[in-house]
Amino acid sequence: MSFLSLLLVGAGGFIGAIARFATTQAINKKSSSTVPVSTLTVNILGSFILGFLTGSTAGHTLILFFGTGMMGAFTTFSTFKLEGVQLHLKKEKRAFIYYNSCCYVGGILSAYIGLMVGRLL
């Protein structure tokens with residue numbers, strides 16, 4: 001692990017975290033849904049982008065910056081799990097099932113589509 005690798009991941013993570021914060025704030029202002037739409041959105045979008053990067057011919061440097069750094073910070077597994085638990089504790093059964101189904105199925109499908117698109121380009 002080189003200093004350049006650490007720098008690339010750190011810089012990408014910085015930008016990804018800011019992008020997630022800005023995206024979730026913008027979505028939360030417009031959404032009144034019981035389902036955490038902002039986390040769902042960033043995770044599905046991030047899955048697509050990471051799939052795209054993996055399928056593309058992007059070099060190791062770009063993968064470190066955009067994939068590991070930006071998408072690592074942009075997507076959020078911990079928030080997804082916490083919000084799922086909160087829905088469960090609030091007895092929002094329908095929202096809980098919908099949210100988890102969309103996150104898992106949507107994330108995997110989105111990553112697969114991104115991978116296929118990345119291979120085409």
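Where in the protein is Thr-75 found? Thr-75 lies in the loop between helix 3 and helix 4 (77-89). Here's a quick tour of the rest, and keep in mind that this is a predicted model, where local features need pLDDT of at least 70, side-chain atom pairs count only at pLDDT 80 or more, and totals for chains, interfaces and linings use all residues. Residues are numbered from 1 along each chain as its sequence is written, and side-chain values use heavy atoms, with hydrogens and water left out.

**The overall build**

- You'll find five helices and zero strands in this protein; here helices (H or I, at least four residues) and strands (E, at least two) are DSSP runs, numbered from the N terminus.
- Going along the sequence, the pattern reads α-α-α-α-α.
- Taken along the principal axes, the C-alpha atoms fill a box of roughly 45 × 30 × 25 Å.
- Of the 121 residues, 36% are buried (buried means under 20% relative accessible area, exposed over 50%, and partly exposed in between, with a 1.4 Å probe and protein chains only).
- The protein exposes about 7,700 Å², and carbon and sulfur atoms supply 71% of that; the areas come from the Shrake-Rupley method with a 1.4 Å probe.
- Take the contacts (heavy atoms within 4.5 Å) between residues at least 6 apart in sequence: 75% of them join residues at least 24 apart.

**Helix 2 meets helix 5**

- Helix 2 and helix 5 (residues 93-120) pack at an angle of about 25°, and their axes are 6 Å apart; the axes are lines fitted to C-alpha atoms, for helices over the stretch in contact, and angles run from 0 to 180 degrees between N-to-C directions.
- The crossing of helix 2 past helix 5 is right-handed, a label used if the near helix is turned clockwise from the far one by less than a right angle, with anticlockwise being left-handed.

**Two serines**

- Ser-38 sits in helix 2 (residues 37-55), and its 6% relative accessibility is why Ser-38 counts as buried.
- Setting aside neighbours within four places in sequence, Ser-38 is in contact with Thr-24, Ile-27 and Asn-28.
- Ser-31 belongs to the loop between helix 1 (3-30) and helix 2, and Ser-31 counts as partly exposed because its relative accessibility is 27%.
- Ser-31 and Arg-119 are 88 residues apart along the chain, and 34 Å separates their C-alpha atoms.

- The unreviewed UniProt entry lists residues 48-74 and 95-115 as "transmembrane region"; UniProt positions follow the numbering used here, feature names are shortened, and annotations may be inferred rather than shown by experiment.
- In the model, residues 48-74 are 85% helix and 0% strand, with end C-alpha atoms 12 Å apart.
- Residues 95-115 are 100% helix and 0% strand, and their end C-alpha atoms lie 29 Å apart.
- The "binding site" annotation in the unreviewed entry covers Gly-72 and Thr-75.
- Gly-72 is part of helix 3 (residues 60-74), and Gly-72 is partly exposed because its relative accessible area is 47%.
- Thr-75 is partly exposed too, with a relative accessible area of 22%.
- Leaving out neighbours within four places in sequence, Thr-75 is in contact with Arg-20, Val-42, Asn-43, Gly-46 and Ser-47.
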